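The sequence and the coordinates come next, and the discussion follows them.

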Amino acid sequence: MTPASDFRTSYRADTTIFPTRNSRIAAIVGVGLLCAAPLVFGRYELGLLITIGFSAIAALGLNILVGFTGQISIGHAAFFGFGAFASALLVEYHVPVPIAIWGAGIMTALVGLVFGAPAARLKGLYLAIATLAAQFILEDFFARARWFSGGVAGRVTEPYELFGLRLDREETYFYVVLAHVVILFLAAANLMRTRDGRALIAVRDHYLSAEMMGINLAYYRTLSFGIASFYAGVAGALYAHYLLFVSVEAFNILYSIQFLAMIIIGGLGSVMGSMMGAAFMVLLPEIVQAGADLLAGSAIDRALRIGASISFLREMAIGAAIILFLIFEPDGLAHRWKMIKAYWKLYPFSH
């Protein structure tokens, strides 16, 4: 929805990242306020923001695959884990951590292309089963390849270091994650404005029409797997150098479902929705925990034994959120945010 007399006179103006000057200013101010977060928040809150950051990067990669290209993947956590182990391995061979993070993304992209090549010729349920197979294959690889992952014992890695400065505290590592978020989100937004980005969207909207227009379906479907894996690899590397330890058990099928939940709740086919969905999924367990603490000792707590079943309540809250969003807000939080902006932009007029 746009107000009357809002005419775009060129294709460049129609595909700009920031449709208005105020939106550009708001984005710059928002990043500036985030830069001041370590001055305001404690280590726990910064840890949540860091988790939102690398989760949003991984979710954005999955959104490029699912939301923009129309594919499906339920093995995204395995590629996230591959990036974490790959970065730790590169650091062991004396590669600087800033380079190892991007190197892990490239290595994960190559693995994603390997799995994406056969999957590009599948669709629907068959594609879902193929990506599920990739999840279990990589999980088994992590458990057995001690040279790569350390096996079931996991792998210890090094903190982020730049120009001799160790950024191993939440107050400093937050800026590392923020920088990667800004770079990768801008890259994704610009990708959707290019010929390749429009081809990915055409494959999603109607693959037969796209093929008749000369778009190579297999190439762009495989490319979307590579891009999604690259984003997952970089996010996994950021995760590894934040925790400084990578364990095989962390990257299971439940984590893949959480990534799917992020893009469903945030909004399929929306760059901003990936960030909103990641924030929702990271903060939802905290809200459930706060609610349980608030009810501690009450009659409801004694009747339902909330304190003893808080871990199950967190999982139930995630499942309930997915179901409720699919029913009442299938387009996600990003679409609702657009509707709210349009309402206030046109208020009190209807056009």
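This is a predicted model: local features need pLDDT of at least 70, side-chain atom pairs count only at pLDDT 80 or more; totals for chains, interfaces and linings use all residues.

The secondary structure consists of 17 helices and four strands. The radius of gyration is 21 Å, which agrees with the value near 20 Å that a compact globule of 351 residues would have, and the C-alpha atoms fill a box of roughly 60 × 55 × 45 Å along the principal axes.

Of the 351 residues, 45% are buried. The accessible surface amounts to about 18200 Å², with 68% of that area belonging to carbon and sulfur atoms. As for charge, there are 24 positive and 21 negative side chains, and the centres of these two sets lie 8 Å apart.

Leaving aside residues up to four places away in sequence, Ser-229 touches Phe-79, Gly-105, Thr-108, Ala-109 and Gly-112. Val-234 counts as buried because its relative accessibility is 0%, and with the same exclusion of residues up to four places away its contacts are Ile-101, Trp-102, Gly-105, His-180 and Leu-184.

**Aromatic pairs**

Which ring arrangement do Phe-79 and Phe-115 adopt? The model holds 25 aromatic pairs in total. In the pair of Phe-79 and Phe-115 the ring centres are 6.0 Å apart and the planes stand at 80°, so the pair is edge-to-face, for which the angle must be over 60 degrees. Because Phe-79 belongs to helix 5 (residues 76-92) and Phe-115 to helix 6 (residues 97-119), the pair ties together parts that are 36 residues apart in sequence. Phe-79, with a relative accessible area of 5%, is buried.

An aromatic pair that is likewise edge-to-face is formed by Phe-174 and Tyr-175, at 5.7 Å centre to centre and with 70° between the planes. Phe-174 is buried at a relative accessible area of 4%, whereas Tyr-175 counts as partly exposed at 35% relative accessibility. Ring pairs also link residues into a cluster, and among its members are Phe-54, Phe-80, Phe-82, Phe-85, Trp-147, Tyr-239 and Phe-259.

**Positive phi in two loops**

Most residues other than glycine have a negative phi. His-94, in the loop between helix 5 and helix 6, has a phi near 65°, a positive value in a residue other than glycine. Leu-244, in the loop between helix 12 and strand 4 (245-246), also has a positive phi, near 65°. With 73% relative accessibility, His-94 counts as exposed, while Leu-244 is partly exposed, with a relative accessible area of 29%.

**Two partly exposed leucines**

Leu-162 is placed in strand 2 (residues 160-162), and its relative accessible area of 36% makes the residue partly exposed. Although Leu-162 and Pro-98 are 64 residues apart in sequence, their C-alpha atoms are 7.3 Å apart in space. Leu-283, found in helix 14 (residues 271-294), counts as partly exposed at 34% relative accessibility. Leu-283 and Ile-99 are 184 residues apart along the chain, with 30 Å between their C-alpha atoms. Apart from residues up to four places away in sequence, Leu-283 touches Leu-48 and Ile-52.

The C-alpha separations discussed above are collected here.

| Residue pair | Separation in sequence | C-alpha distance |
|---|---|---|
| Leu-162 and Pro-98 | 64 residues | 7.3 Å |
| Leu-283 and Ile-99 | 184 residues | 30 Å |

Methods. Residues are numbered from 1 along each chain as its sequence is written. Side-chain values use heavy atoms; hydrogens and water are left out. The radius of gyration is taken over C-alpha atoms; the globule rule is 2.2 Å times the number of residues to the power 0.38. Buried means under 20% relative accessible area, exposed over 50%, partly exposed in between (1.4 Å probe, protein chains only). Accessible areas come from the Shrake-Rupley method with a 1.4 Å probe; for residues, only the protein chains shown count as cover. Lys and Arg count as positive and Asp and Glu as negative; His and the chain ends are not counted. The place of a charge is taken as NZ of Lys, CZ of Arg, CG of Asp or CD of Glu. Contact means heavy atoms within 4.5 Å. Rings of Phe, Tyr and Trp (its six-membered ring) pair if their centres lie within 6.5 Å; planes under 30 degrees apart count as stacked, over 60 as edge-to-face and the rest as tilted.
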